[in-house]
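The following note reviews the structure shown below, point by point. It takes up pockets and cavities, then ligand surroundings, chain dimensions and local backbone geometry.

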Amino acid sequence: MTERYERLCAAVSKALETPERGTALQRCMQRGRDSRGRAIAVLPGGEAFRAEVKAIKDRCIERQDELVAKFTACAQARGAHVYFAENGAAAIDYVLQLARKRGAATIAKSKSLTTEEIEINDPLIEAGLRVIETDLGELIIQLVHERPYHLVFPAVHKLTAEVAAIFAKALDKEVSPDIPSIMKVVRAYLRPIFLDADIGMTGANIGVAENGSIVIETNEGNGRLVSTIGNCHVCVMGIEKIVDTIDEALTLVLAHPVSSSGQLPTTYVTWMAGRADMGDAGVPRETHIVLLDNGRKAMRQDPGLREALNCIRCGACMNICTTYGVVGGHTFGHIYPGPIGIPWTAAVHGLDKAAAFAPLCISCGLCKEICPAEIDLPMLIAEVKHRVAKRDGYHRADRTMMSAERFAQTGSTLAPFANRALQNRTARRIMAKTLGIDADRVLPAFSRKTFKQLFTGHTSSVENPLRKVALFIDVYANFNRPDIGMAAVECLEAAGCEVLLPEQHASGYPYIGYGDLDRAREAAAFNVARLAPLARTGCDIVAIEPTAAYCLRHAYPALLGHSRKSLEVAERSFEIFRYLLDHEPEFEHVGGKTDRSGRRYGFHVSCHQRPMGSGREAVEWLRHRGARVEVIETGTCCGMGGTFGLKAGPLGQGLSKAAGLGLCKKFKESGVEAIVSESSVCAIQLREGTGLPVLHPVELLLPAQG
Amino acid sequence: MNDTALESFTKRYESLGGHVHAAGNVESAAQAVLEIVRERSGTRVAMAGLEEHLAAAFGRVLAESGVEVLREPFASIKLPHGIDECQVGITGAAFGIAQSGTLAEVATNDAVRLVSGLPRAHIGVVKASEIVERFEDAAPRLRAIFNEHSGACTVSFISGPSRTGDIELILTMGVHGPEAAYVIVLDDAERRVPQ
Ligand code: SF4
Ligand code: SF4
């Protein structure tokens with residue numbers, strides 16, 4: 001475990017040495033997200049297609065055996081040969097034999113991740129075949145013997161000048177470093193390959209059982225040429241790609257490019273059933289569809305990973321993942337890169353390969369929000385981390401971060417002493433060594449009195465309460481900033497709510513982040529058991545830490561198998577400003593107490609706020625009451641990733657700070673005087689990265705407090 | 001189809017970098033073809049998957065202007081190389097989709113796909129009455145096509161010229177497929193509205 005961790009640390013350090021590469025990648029990711037956003041803005045129904053995609057994938061995976069049989073029968077009826085390959089070796093063998101039988105010399109390939117998955121090129125080349133990738137991005141990485149950096153844009157890490165140099169070297173001619181010149185060279189180079197290839201090999205984005213057709217989506221047009229020209233065509237396709245109907249396929253044909261590049265649909269979508277003749281030469285023409293299992297059937301039986309089969313390979317998740325943006329797809333990936341790469345690698349290439357990069361996920365959850373199939377990627381990734389840890393143990397720093405609650409409890413009990421220790425270089429160096437907490441991070445001081453103690457001594461003045469609210473407080477407000485907790489209480493009481501503080505543990509989100517799902521479930525079960533009876537009697541549950549609200553609403557149900565109790569709690573749980581806004585008409589009289597000094601505030605939307613609405617509820621609430629607040633964002637995570645950024649070393653503060661650079665720069669350039677954020681950990685990152693004060697929005701609500 | 005479908009098809013297809021010509025009748029469609037072929041300095045043109053009367057009209061106009069015209073079943077040339085030597089390929093489309101600016105081309109012989117895939121310019125011909133509005137409206141059309149052709153059959157959706165974003169995600173036209181894409185929308189209204 002340690003050795004693997006060290007290797008990953010070394011890779012991250014190396015990536016941190018060439019920040020230009022990361023910045024270029026992040027620019028491309030941003031371009032991808034922006035185009036997606038523009039496409040969705042004009043798409044009828046907006047984001048609604050995501051639920052539809054999820055429903056299609058859920059039901060087709062459920063009916064997989066039946067659909068594989070139906071697809072096979074229909075494809076055969078149209079003249080295709082269908083071969084079921086249990087694993088990569090069987091698929092490779094089939095193609096090799098086919099090539100031999102046909103006396104083939106050249107195979108022209110169109111982009112296919114599935115053939116990358118089984119690494120088919122090498123054995124074909126070793127057998128004496130010429131194998132040429134024709135997708136521009138794939139061709140570039142083939143020429144430099146690399147692996148795809150990104151699912152959809154495999155050569156996204158190569159800048160124009162580098163690409164020109166690659167072709168200049170490979171083709172031994174001068175290539176000017178501009179895209180049109182490169183295109184000319186590529187077209188001329190590939191043309192004879194298209195025309196004379198003996199075998200055309202493609203993947204398929206979809207298999208349609210209804211008519212036995214495969215669907216190939218491309219923009220460049222290489223997929224069309226490769227599937228048309230050679231007299232023999234081979235398609236290697238994972239069995240999870242099969243849907244039942246044309247209607248279902250059409251939904252996916254839109255969802256895929258909308259999510260990755262904002263197109264609707266790709267320039268070419270080929271619906272190919274059987275193999276047609278070409279002209280009237282009378283030469284027999286064949287198509288072979290290799291249906292690949294390679295671990296997919298087992299995945300389907302594995303509740304911890306099954307949802308990954310819903311992936312439609314759009315690549316959107318790698319357009320939003322902050323740490324991927326810093327280290328890139330070679331470090332953050334095996335063959336399948338990015339967020340989805342973690343569960344897929346675990347399933348098809350083994351746990352070890354996945355373990356090599358799984359710790360790069362900082363559990364921000366943004367990939368889940370952009371995924372067109374609504375895949376709960378952070379939970380799948382937590383499952384992979386969990387399996388790795390069960391086998392190999394946890395890294396020291398991860399253990400520390402998972403004990404944050406106990407740590408804070410001790411810190412608070414020993415407050416003056418502990419706070420002095422936090423300021424002391426020697427003590428911090430020892431903490432870095434023994435606990436893995438970075439020595440330079442400015443940690444929030446502990447409060448001697450916890451929120452729980454303060455609240456117990458507090459008497460409510462609300463007489464005829466409008467609503468009853470159970471406050472979910474979590475670690476930070478309890479042990480470090482009870483004043484923020486009390487400000488929330490006063491605000492809710494001013495609105496006419498009766499506030500209760502039921503028995504509770506911390507949210508336990510770090511257990512998900514670092515992969516201890518047993519303890520995550522314990523925490524979830526504990527809190528749900530205490531909150532459910534309250535929810536049932538009409539009490540609302542309000543959290544002031546976005547991650548805590550996210551746990552109550554999303555993570556707990558997922559952890560507890562969507563039990564009735566967990567759903568009852570989820571339904572009545574709210575982040576505080578969402579709650580205030582929802583009841584604004586009733587709560588009107590809490591207005592007027594906002595900071596109206598005219599000071600300019602910049603708001604940071606924490607990742608876990610995004611799935612619970614716009615994430616900007618606090619901004620709306622504060623603005624309505626006269627505060628000058630503007631949202632400043634890059635659309636990704638600040639890089640803190642909960643407590644990830646507190647860890648010492650490159651796989652902690654190093655990566656975290658690099659990931660946060662862009663956002664911090666934006667804040668600094670914006671000219672705001674202070675930052676407002678609801679997340680206590682984002683606050684640490686932003687304070688350090690910008691030098692600006694960071695406040696919780698409830699502090700603006702009642703500026704007299706605290 | 002109604003005017004708005006044609007309008008939104010045109011808008012969408014042009015936003016993808018393609019060009020749309022509305023033709024009131026076969027003769028003006030043939031004139032539009034000729035203009036495009038001239039614009040592309042075409043001396044050799046391949047046609048496939050067109051209704052016979054269209055192919056005949058286009059062939060006549062092109063031949064009169066000295067353009068060599070290759071027609072199915074392409075017995076006189078070597079496939080696929082002969083098609084690659086054409087500057088322009090013309091194919092018929094079964095229907096169009098306004099929402100996405102898409103043509104749907106049907107091939108039960110793959111020479112059709114060569115004609116729309118190999119030359120640097122492609123002209124697709126679709127009847128105005130065959131343009132459906134929304135993407136999902138394509139489902140019944142596709143189903144009918146695959147039912148009609150129970151053997152090998154390929155439907156190609158084509159939405160504008162070939163493009164790539166593989167270098168730095170910067171949009172660039174014309175990699176392997178046509179760099180120029182034209183659609184001729186043939187107004188067949190007179191068939192629908194009897195005088
Ligand atoms: S949860 Fe965040 S850090 Fe983890 S893979 Fe998804 S986007 Fe990346
Ligand atoms: S996991 Fe979702 S976002 Fe990522 S590639 Fe698959 S479908 Fe796209």
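1. The lining of the second largest pocket is made up of 19 polar, 15 nonpolar and 11 charged residues. The model under review is a predicted one. In total, 45 residues line this pocket, and those nearest its centre are Asn219(A), Ser260(A), Ser261(A), Gln263(A) and Thr266(A). Both chains take part in the lining: two or more residues come from each of helix 2 (19–42), helix 6 (113–117), strand 6 (213–218) and helix 12 (246–261) of chain A, and likewise from helix 1 (3–15) and strand 10 (163–164) of chain B. Helix 2 of chain A gives the largest share, 6 residues. The volume of the second largest pocket is about 1100 Å³.

2. How many cavities of 30 Å³ or more does a search of the whole structure find? The search returns 11 of them. The largest cavity has a volume of about 100 Å³. Its lining comprises 13 residues, with Cys321(A), Cys361(A), Ile362(A), Cys364(A) and Cys367(A) closest to the centre. At least two lining residues are supplied by helix 14 (322–327) of chain A, and at least two by helix 18 (377–392) of chain A. By class, this lining contains 9 nonpolar and 4 polar residues, with no charged residues.

3. Which ligand takes the space of the largest cavity? That space is taken by ligand 1. The residues around ligand 1 are Cys321(A), Pro339(A), Cys361(A), Ile362(A), Ser363(A), Cys364(A), Gly365(A), Cys367(A) and Ile381(A). This shell divides into 7 nonpolar and 2 polar residues, and no charged residue belongs to it.

4. The second largest cavity has a volume of about 80 Å³. It is lined by 14 residues, of which Cys311(A), Cys314(A), Cys317(A), Cys371(A) and Pro372(A) are closest to its centre. The lining residues comprise 12 nonpolar, 1 polar and 1 charged. Ligand 2 sits in this second largest cavity. There are 13 residues around ligand 2, and Cys311(A), Cys314(A), Gly315(A), Cys317(A) and Cys371(A) come nearest. By class, the shell around ligand 2 has 11 nonpolar residues, 1 polar and 1 charged.

5. Chain A contains 34 helices and 18 strands. The C-alpha trace of chain A spans about 90 × 50 × 50 Å along its principal axes. Of the 706 residues of this chain, 63% count as buried.

6. Chain B has 7 helices and 12 strands. Its radius of gyration is 16 Å, close to the 16 Å that the globule rule gives for 195 residues, so chain B is as compact as a globular protein of that length. Taken along the principal axes, the C-alpha atoms of chain B fill a box of roughly 50 × 40 × 35 Å. Buried residues account for 59% of the 195 residues in chain B.

7. Two peptide bonds deserve a remark. Most peptide bonds are trans. The bond from Leu264(A) to Pro265(A), however, is cis, with omega near -20°. Pro265(A) is placed in the loop between helix 12 and strand 9 (268–273) of chain A. In chain B, Leu79(B) and Pro80(B) are joined by a cis peptide bond with omega about 0°. Pro80(B) is found in the loop between strand 3 (68–71) and helix 4 (81–84) of chain B.

8. Asn294(A), not a glycine, has a positive phi of about 45°. Asn294(A) lies in the loop between strand 10 (286–292) and helix 13 (296–300) of chain A. Is Asn294(A) buried or exposed? It counts as buried because its relative accessibility is 15%, where the cut-off for buried is under 20%. Ser41(B) likewise has a positive phi, near 50°. Ser41(B) is in the loop between helix 2 and strand 2 (44–48) of chain B. At 55% relative accessibility, Ser41(B) counts as exposed, the limit being over 50%.

Notes:
Residues numbered from 1 in each chain as written. Chains lettered and ligands numbered in written order. Predicted model: local features only at pLDDT ≥ 70, side-chain atom pairs only at ≥ 80, totals over all residues. Heavy atoms only, no water. 1 Å grid on protein atoms, 1.4 Å probe; cavity = no way out; pocket = protein on both sides within 12 Å on 5 of 7 lines; lining within 4 Å. Points joined across faces, edges and corners; volume = space filled by probe spheres on them. Helix = DSSP H or I, 4+ residues; strand = E, 2+ residues; numbered from the N terminus. Nonpolar A, V, L, I, M, F, W, Y, C, P; charged D, E, K, R; others polar. Near = heavy atom within 4 Å. Sits in = over half its atoms within 2 Å of the grid points. Buried < 20%, exposed > 50% of the residue type's maximum accessible area, 1.4 Å probe, protein only. Rg over C-alpha atoms; globule rule 2.2 N^0.38 Å.
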